[in-house]
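Let's take a look at how the parts of this structure sit against one another. Have the sequence and the 3D view open as you read.

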Amino acid sequence: MTAVFSDRIDIALRVNGEEVEARVPAGRHLVDFLRLDLGLTGAHASCEHGVCGACTVKVDGQAIRGCLMLAAQADGADVWTVEGLSDTGDLSDLQAAFVARNALQCGFCTPGMLVAAQELLAQPGIPSRHAIREHLSGNYCRCTGYEAIVDAIESTAQARADRGVA
Amino acid sequence: MNAHLKMDKPDDRNRLDDMAQGLLGTAMDRPEGPLKVTGTATYAHEAHQPGMLHGVLVRATIARGTLDGVEAAAVEKMPGVRKVMWGDKFLRNPAQGTANKAPVQGSSEIYYIGQPVALVVADSFEAARHGAQSLELRMTAGTAVPDAKADGVAVERPEKKQSSMGDLKAAMQDAAFTVDQRYTTPGHNSAPMEPHSAIAWWDGDQLTLHASNQMLKYNVNEVADSLGIDPENVHLLAPYVGGGFGSKLGISPDAVAAALAAKELGVPVSVMLTRQQVFENVMRRSETAQDFQLAADKDGVLRGIGHTARVSQLPDESFAEPVTQATPFLYKGENRETHMEIVRVNQTCAGSVRAPGEAVGLTALEIAMDELAVATGIDPVELRKRNIPDRSPGEDKPFSSHKLAEALDDGAAIFGWADRKKGATDGEWLIGYGMSSAARVNMIGESHARVTLNPDGTLLIETDMTDIGTGTYAILTQIAGEMLGVPQDRIETRLGDSKLPKSAGSGGSWGASSAGSSVYMACEKLRQTIAAKLNCDEGDLTLKDGTATFANKQTPLTDLVGDAPMVVEGAIEPGKTQKDFRQATFGSFFCEVGVNSVTGEVRLRRMHGSFAAGRILNAKTARSQCLGGMTFGIGMALTEELIQDTRDGHLVNHDLAEYHIPVNADVPQLSVNFIAERDPYANPMQAKGIGELGICGAGAAIINAIYDATGVRVRDLPATMDKILPGLPDV
């Protein structure tokens, strides 16, 4: 066991559009790699076993749990965190809606919530409130602003449809 | 300059209603929102330092006994491990809210499974975790009391927690209608999304600590006392806190462990609790067993209330879930008994979880009231209105302000209570409707804030108050902006730094009222100073958008400030209005549930809450607080339950997969409405606490709706399928 944990693995991946090369402990999870090695602390570790969604990031176009994926598994992957998605402006309308609707309180779940919501919004059509609730039920919010979160996502979907971008 | 108010007299001037800026009470966006949606708000485990090491706590695996030693050498040989630590400074459990001193300390005495008794520090988090998992503890088992419900368990009945009035026994005998039932609630965990974490480093004898804390004024003293150092040498930072719900009122074991390790190794050390450790270490709400006796006359008016509650707690902890807290004042009845019983157990420490007391005590009372409504045949809303007292009957105190009747009527009207249909179905779902009252005691704590009006017309607000998601950044900005006529974009609010003026902190729903009033006091003094410069009375001064107006003459604030900033420290402290009057917030809950006639599954279909909490400071953050409280109530009614192994007190469901907090799909359409109220006894803003009211009684409305749908009365929460299914009619 000890030998396995002391192993270091070389990885090369793209994070938020930039090439990254690193040597990581074999047992390091992607979320810890992002937070501790790259200083990208937007994704948060909360339940640490894939239940709560606070660590949700985008890997090769898919929303995944940063606490269930090892950094070594992300070798060659294209990873996007809330910081990178903020810089590109892809999330700006959704982020504005979250602030306007008070869809965040303590804010700890928010980055993961945004990445999960963005995945839903990328699908065609305007999701129903029921569909939004279903899609986001893997993202916990203990301040329990669910109502406002659904409001923010629904209004963003509507606005994108009105602009003809979804 | 200073401005200090002890709240000995009511303040019914309602000065904030006279202000012109139009910022307070609006749905202003929270100023820190942009940081939180971009992942740039810095929580406790984000102040990563160069050369920082990682510590992982090691848990005791026996319920009672001694730690005689640890096999440190073997672990210290592991790659990357720097140090194994244990000793007499480790916290047995977190400090209770406002403790202001160290909790019980020491690794050598083990009191419960999960007690953090050692720390492994390593170069990487992974190496520390591996070391912690590998560390062998040499323990000698003692005799534990693992099960609070075991036969023959010793029961404490503290004299101060018993009260009697009149003759309840006679009232029960003479009553036209009675309820005499036991209600039980399980333990709960706050489960904030941010696990408790700390990063510590030392500069000589100066400790800097980033930690997940709600009440820095007290937390600094708790840290200092735990480490045996001067509080002056502790700099505690918590600018953003990822939820608290009571679990971060006092310091937790991670903070002291990080500080000890950083001192020992001379470098910054971070310690983050795993989610399992959060469940095991950081305060559970005690389970409760509550015996209610209600004695009512033929009109449903209560003549007597009896409430005996049993809770559990670790030895040597003074906190006991104050289950009976609302019983003395909510309803009429001249014959009353309230009694608290405490059982000492070897389990995770019991402490504050959102609305300690009313969250479970009022929920049980409101189920009992529904049973009385059924027995009397009186509409549950009407029954409650008939029982609203003129003064607090159990305390013989006048109310400061009382809006329960209005909240009941308002909630009933918005929900459409009168239009509900008995025996409705929707496919295989049985539909039912339920309601309950809400109530929560209201208070303030001593709080200080500094407000600086700069020569350029900008405002700076500084206090060690925290924003745990509640909206402190927003409301303090709004209070100051309203009082001084400064727009939001010219105001900065700085929080969560122990070097700033000391506030009451976040807890007990008192944060907004306490910290807000200190800002109000400072601003009132600044208004007086500005008025003096214009030779007018403060009351005749209009401040709006950076301009002072008096007698039709407009002067820019920047012209009045001069070259040096105007600085005032404002302070508020509780006084006679808190002692001599029953201050409380009130409300009502109404809900519709569907119960599956085949499986017994309960789905909440819609829920409404109407609340009176004095002046509402921010319409949006206040609504969110209530929605959050109601959702906690949904969890309490349907899913949340800590389960201990009765053999050793071990917490079985110690993670978010097995402890079921409500998720999006569990929470349907919720709505909130506020009743207009100004409570002059509360504080100079006439505002009251809003963070906990939404959970107080919410679960009862759901339980009562389940009864309405099915005729099954659940008296043992949560209302899981196994408790409902046996009572359902055959399909």
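Predicted model: local features only at pLDDT ≥ 70, side-chain atom pairs only at ≥ 80, totals over all residues.

Helix 13 of chain B gives the most, with six residues. As for what that side is made of, its residues split into 13 nonpolar, 12 polar and five charged.

Charged pairs turn up here too: three salt bridges are found across the interface of domain 1 of chain B and domain 2 of chain B.

In terms of touching residues, 30 from domain 1 of chain B are in contact with 23 from domain 2 of chain B. Together the two domains bury about 2100 Å², with 55% of that on carbon and sulfur atoms. Within domain 1 of chain B, the residues that lose the most area to domain 2 of chain B are B:Met7, B:Ser509 and B:Ser513, which together make up 22% of what that side buries.

## Inside chain A: another pair of domains

Chain A is divided as well, into domain 1 (8–82) and domain 2 (89–163). Taken over C-alpha atoms, the centres of these chain A domains are 22 Å apart. Here 15 residues of domain 1 of chain A are in contact with 13 residues of domain 2 of chain A, and the two domains bury about 1100 Å² between them, 62% of it on carbon and sulfur atoms.

How many salt bridges cross between the chain A domains? The count is zero. Strand 3 (56–59) and strand 4 (62–65) of chain A are the elements that give two or more residues to the domain 1 side. That side has seven nonpolar, six polar and two charged residues.

## Where chain A meets chain B

Now for the two chains themselves: 53 residues of chain A are in contact with 63 residues of chain B. Chain A and chain B bury about 4700 Å² between them, and 58% of that is on carbon and sulfur atoms. In chain A, the most area is lost to chain B by A:Gln105, A:Arg142 and A:Glu147, together 18% of what the chain A side buries.

Between chain A and chain B there are four salt bridges and 28 residue pairs in polar contact. Several helices of chain A each supply at least two residues to the side touching chain B, among them helix 2 (30–37), helix 5 (110–121) and helix 7 (146–163). Sorted by type, the residues on that side of chain A come to 24 nonpolar, 17 polar and 12 charged. For a salt bridge to find in the 3D view, go to A:Arg28 and B:Glu126, whose side chains meet at 2.7 Å, N to O.

Note on methods:
Residues numbered from 1 in each chain as written. Chains lettered and ligands numbered in written order. Heavy atoms only, no water. Contact = heavy atoms within 4.5 Å. Buried area = accessible area lost by both parts, 1.4 Å probe. Helix = DSSP H or I, 4+ residues; strand = E, 2+ residues; numbered from the N terminus. Nonpolar A, V, L, I, M, F, W, Y, C, P; charged D, E, K, R; others polar. Domains from an automatic or database assignment. Polar contact = N/O pair within 3.5 Å; in protein donor to acceptor, adjacent residues only side chain to side chain.
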